[in-house]
Amino acid sequence: MNPTKIGGHEYFHKVVDCQWACPAHTPVPEYIRLIAAGRYSDAYMINWRSNVFPGILGRVCDRPCEPACRRGRVDSEPVAICRLKRVAADLKEDIRDRLPRPAMSNGKRIACVGAGPASLTVARDLSVLGYQVTVFDNGAAPGGMMRSQIPKFRLPDEVIDEECAYIVGLGVETRYNQWVGSLRDLLAEGWDAVFVGTGAPRGRDAPIPGRQEAAKHIHIGIDWLANVAFGHTTTISRRVIVLGGGNTAMDCCRSARRLGGEDVKVIVRSGFEEMKASPWEKEEAIHEGIPILNMRVPKEFRHDNGKLTGVLFEIVRAEYDAKGRRSLIPTGEPDEFHECDEVLVAIGQENAFPWIEKDIGLEFDKWDMPVLNEKTLQSTLPKVFFGGDAALGPKNIITAAAQGHEAAISIDLFCRGKKLDDRLPPEFNLVSQKMGIHEWSYDNQVSEEERKKVPVKSLEKTLKDIKLELEMGFDPFMACAEAERCLNCDVQTVFSGKLCIECDACVDICPTECITFTGNGEEDDLRTRLKVPAKNRDQALYVSDALKTSRVMVKDENVCLHCGMCAERCPTGAWDMQKFFLQCAEAGAEAKRT
Amino acid sequence: MTYLAKPKLLRADAPRNAVGYTRRDYEGAISTLCAGCGHDSISAAVVQACFDLDVEPHRVAKLSGIGCSSKTPDYFLGASHGFNTTHGRMPSVLTGAALANRDLIYLGVSGDGDSASIGIAQFAHAMRRGVNMTYICENNGVYGLTKGQFSATADKGSKSKRGVVNNDTPIDLVALALQLGASYVARSFSGDKEQLIPLIKGALRHRGPAFIDVISPCVTFNNHAGSTKSYDYVREHNDAVNRIDFILPRDKIETSYPPGSLRRIVQHDGSILHLRKLETEYDPTDRIGAMNYLQERHALGEIVTGLIFVSEDADDLHRHLNTVEKPLNLLGDAYLCPGSQVLQSINDALR
């Protein structure tokens, strides 16, 4: 193998699994260390720059970082990254004086359609550069689906209010209660650019027999959640069936439990493991006494003169073809009938752009999705950009924020007449953490504590009040203990072959046996010849230049604990622990740097 | 030196041996030796050898004397029996222990000061008596704990860190062991585990006195340009006579070598040593040839490493003394003290 190129940002960024997995590339270990140090406001600001909504995401993020967390590969559970983020938001001081000031106007006007996470991110990034950003939304307050679809017991309004206010306070003009009915008309108003962040507003229906007749008792999940969120719906019948296996289904069933549903169950087509809902959301639903029945395809809504009596299900099993595609095959068992009074249909969301005229030059593909450059998020109408669920299909809040950043960069470049591909790489640096012979400027002692559970209020109380937040968040002591579980993967093991005397001290001390000195070879061969064969191919091998004995140092990054023992044991300083800090470029960064 | 204990977190795919242990289970306390000390590599080689041999840690007794090297048994096999004896007296204490309980695997760890100076008599007698043990001398040529004075194995003409030249003739423990009748004699280098680990495995499964001299650079006091026991010097002057593969009786033998290049030695327990010859004329079963070869090469400034001598019909102290098969602690009071009648009959026989 060729020596690993550690000069750029790519290699070491990938070692920081959480930051690599985060769509917005939040510097996770950095803010976790700040939390351990009690510097909550600093931790919050690092988050605020990267993901805009730390308090919101600290409660309801999809947390792609946690399955990626290295700790999960050496311990039973990953670090509770998401809940630590909430700690930063909960325990911070007043940070308003740390927020950027609105810049002097540059005379450009940007319209953002929708006031969800993507639009608000664009608004934040651009208003600090002097753009006059106007946000349109048909609701009465900003937040989009964060406010309308996520139940209050998971995400209270105060948190949304606070974090949206930080953005609006930057001089963003808001036009609430205003439905944008025509992109043509909007464009005619002479905006310098338009950003579409209208989400995926249409819930998919279940067009099976009985749907029309029993319509009064069958609701589309996201619409029902919005009605609950805004207080239009305050009760539900005693027996409820939720169809679907995503996070919306989990929100529906748990909301139903709180509005009077006593016999609430989730019934899903797929297997339990394949359900789209995050594992922790399934756990919470089960914890609240909601059974999840899988491998059942709804066949018919049964009713008595329009009064729903129940749903008939066909029982299936999953079969996978050679390409891994799943098909659901009926098992031949008799259909199953489940009685109920109301049904919530949460089987997916779709994009809908009824307000975008088809003849204004904005192309749509065969799935009725806008044709976009996936990197710049520009549509075929150069002035119009997309982001969030409206861009590439429904994902999650953190993806929306990440796309908002990218769209803001594009819009800024576009408005300044620059090429949209002229994007700056992330800013990063790599700094030695050595303070003395056994002293590092990070706590390199690896905690052996188990993951801390977030304290919750009693079910008895929380099932009675849909607005009562279930989780209480970590207190400072729990937060510190949980933060200490972080392995500091951003503190990189940097090897300098010129200094190495090949004494094997690092090989012998490494607690997870990641380091090997051996003859070089092709990657496939080398992976088998390490002290412990490197079977996780998603994780890189760090290969040095040829050393004095013509061997190379090979380190399998997979389960490195970043404990720094290799560097402590190295007599010549050939290993050093260096902190890698990376932040994605912001809109306007290249104008600032040049 | 590291102050932190190794974290206990274990990778899920950590290899386990036939008795269910991971390599980590053969480790001991965290080493307090200097960073880069060759001794730590030897400890790691012992860990690997015991892991590979599926040794149950509680079946091992590790004994040592005094010195940097003699501290190391604390850093491996934390679940084994240990005895840190007085300076140079490891071979004597080990001899006593071995006589009392022949069922354990005896590993003596010593250094050049402990073995070649204060304990040279003990070393000599353990070898000549044929104590069934593995004797590892972690040889760095200096007294590290007292800040780097020459030890008795330092080569004549080599320089100390301060530039002082050594005028005394060195003691070659390998040559002594050969002369004194050790039946398994090897030399290796802490910086070459590929050579060292199989040598330790062969020694642990050898019946009789097995001696391994391991050159182990002292990074703090003896790893400079004028040293003959530095990483660089040893790598440049290493004359390996063979490479050995240690093969347990249960292992399948798959290697094939050109005729004449391989020497196969079967030990009493059925384990096999495959010697891949590097010096074609070298015969590791010829004690006198080995002694001559060692002297010749030493005169040329080379360091002979590898399995230097092995006796195919090795024997040990228990056979010489015709001792009882069972460990003494399992014999029982009646057997150990057969009563006054038996004593009387013995006394009568002597009248």
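Here is a short chat about a few places in this predicted model.

Visitor: Before we start, how is this model numbered, and what counts?
Guide: Residues are numbered from 1 along each chain as its sequence is written, and chains are lettered from A and ligands numbered from 1 in the order in which they are written. The model is predicted, with local features needing pLDDT of at least 70 and side-chain atom pairs counting only at pLDDT 80 or more, while totals for chains, interfaces and linings use all residues.

Visitor: Okay, where does Phe580(A) sit?
Guide: Phe580(A) belongs to strand S24 of chain A, residues 575–583. Helices (H or I, at least four residues) and strands (E, at least two) are DSSP runs, numbered from the N terminus.

Visitor: Is Phe580(A) buried or exposed?
Guide: Phe580(A) is buried, because 24 other C-beta atoms lie within 10 Å. The cut-offs are 20 or more for buried, 12 or fewer for exposed, and partly exposed in between, with C-beta atoms placed from the backbone.

Visitor: Which residues is Phe580(A) in contact with?
Guide: Leaving aside neighbours within four places in sequence, they are Phe12(A), Val16(A), Phe428(A), Leu430(A), Asp490(A) and Gln492(A). Contact here is C-beta atoms, placed from the backbone, within 7 Å.

Visitor: And how far is Glu30(A) from Phe580(A)?
Guide: They are 550 residues apart in sequence, but 9.4 Å apart in space, C-alpha to C-alpha.

Visitor: What sheet is S24 of chain A in?
Guide: An open, antiparallel sheet of three strands, in the order S17-S24-S20. Its edge strands are S17 (427–432) and S20 (491–495), each pairing on one side only. Two strands pair if DSSP finds at least two bridges between them.

Visitor: How many bridges join S17(A) and S24(A)?
Guide: Six, in the antiparallel sense. As one example, Phe428(A) has Leu582(A) as its bridge partner in S24(A).

Visitor: Switching to chain B: how do helices H3 and H5 pack?
Guide: H3 (residues 90–100) and H5 (residues 120–129) of chain B pack at an angle of about 35°, with axes 7 Å apart. Axes are lines fitted to C-alpha atoms, for helices over the stretch in contact, and angles run from 0 to 180 degrees between N-to-C directions.

Visitor: Which residues make that contact?
Guide: Among them are Met90(B) and Leu94(B) of H3(B), and Phe123(B) and Arg129(B) of H5(B).

Note on methods: Contact = placed C-beta atoms within 7 Å.
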